[in-house]
Amino acid sequence: MPRAAKKASKLVRICECGAHNAPQARKCRKCGEDISDILPFPVAEEEQFSYKLKAVEDDFEVTMDQPVSIIGREAGLKEYLGSKAYVSRQHAKLTVAAGKVFIENLSNTNRTFLNNAVLSGTEPAVLHDGDEIGLGGMEMDGKRQKDAAYFLFEIQL
């Protein structure tokens with residue numbers, strides 16, 4: 001079970017900038033972005049959680065502990081993903097809520113894959129320890145596309 005220090009749970013809308021907003025909020029209190037299409041998540045007031053993304057192709061790995069992380073060629077992990085043509089500028093959103101990590105596809109052009117299955121629509125999917133995330137590609141006939149990015153998800157204990 002992940003390490004989390006929890007108090008009372010509440011519903012919040014978590015903006016892409018990472019700000020927690022009231023569940024009825026339509027605009028982010030921090031950056032002013034429209035958040036009306038973001039589903040409220042239950043979160044603990046003092047939730048602490050970290051996870052690791054390990055690249056499948058090489059030795060790159062990163063530990064993440066922010067409540068919301070946008071990853072892509074021009075977002076989080078841009079130094080690593082910048083040369084991956086099948087990865088969108090803002091490709092996927094990772095959200096920590098209720099002691100779990102959720103992944104959501106943000107790209108209209110390139111898909112996000114979880115364990116070699118495409119993520120459908122904008123519904124976030126729960127990540128489990130050992131899951132493989134494919135940004136812009138999937139494994140076909142035992143081969144991965146070189147212009148896509150592949151990560152293993154690991155919960156940090």
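Reader: Which residues do ring pairs link into a cluster?
Author: Phe60, Tyr80 and Phe151 are linked into a cluster by ring pairs, where rings of Phe, Tyr and Trp (its six-membered ring) pair if their centres lie within 6.5 Å, with planes under 30 degrees apart counted as stacked, over 60 as edge-to-face and the rest as tilted. The model is predicted, so local features need pLDDT of at least 70 and side-chain atom pairs count only at pLDDT 80 or more, while totals for chains, interfaces and linings use all residues. Residues are numbered from 1 along each chain as its sequence is written, and side-chain values use heavy atoms, with hydrogens and water left out.

Reader: How many aromatic pairs does the structure hold, and what makes the pair of Phe41 and Phe102 tilted?
Author: There are four aromatic pairs. Phe41 and Phe102 have 4.9 Å from centre to centre and 40° between the planes, and the pair is accordingly classed as tilted. This pair links distant parts of the chain, with Phe41 in strand E3 (residues 41-44) and Phe102 in strand E8 (residues 100-105), 61 residues apart; strands (E, at least two residues) and helices (H or I, at least four) are DSSP runs, numbered from the N terminus.

Reader: Why is Phe41 called buried?
Author: Buried means under 20% relative accessible area, exposed over 50% and partly exposed in between, with a 1.4 Å probe and protein chains only. Phe41 has 12% relative accessibility and therefore counts as buried, and Phe102 is buried with 14%.

Reader: Why is the pair of Phe60 and Tyr80 called stacked?
Author: The ring centres of Phe60 and Tyr80 are 4.2 Å apart and their planes stand at 10°, so the pair is stacked. Phe60 lies in the loop between strand E4 (51-55) and strand E5 (61-64), and Tyr80 lies in helix H1 (residues 78-81), 20 residues apart. Phe60 counts as partly exposed because its relative accessibility is 26%, whereas Tyr80, at 13%, counts as buried.

Reader: What places Arg144 over the face of Tyr150?
Author: A charge sits over a ring if NZ of Lys or CZ of Arg is within 6 Å of the ring centre and within 35 degrees of the ring normal. Arg144 lies over the face of Tyr150 at 5.4 Å from the ring centre.

Reader: Why is E8 described as largely enclosed by the rest of the structure?
Author: Five of the six residues of E8 are buried, so the strand is largely enclosed. E8 pairs with E7 in the antiparallel sense over six bridges, where pairing requires that DSSP find at least two bridges between two strands. Ala92 has Asn105 in E8 as its bridge partner. E7 and E8 form a hairpin with two residues between them, and Ala98 in the turn has a positive phi of about 55°. E8 also pairs with strand E11 (residues 125-127), again in the antiparallel sense, over three bridges, with Ile103 opposite Ala125 in E11.

Reader: Why do E5 and strand E10 count as edges of the open sheet of six strands?
Author: The order of that sheet is E5-E4-E13-E12-E9-E10, with antiparallel pairing. E5 and strand E10 (117-118) each have a single partner strand, so one side of each is left without a neighbour in the sheet. Strand E12 (residues 132-135) is joined to strand E13 (residues 149-155) by four bridges, and Glu132 stands opposite Leu152 in E13.
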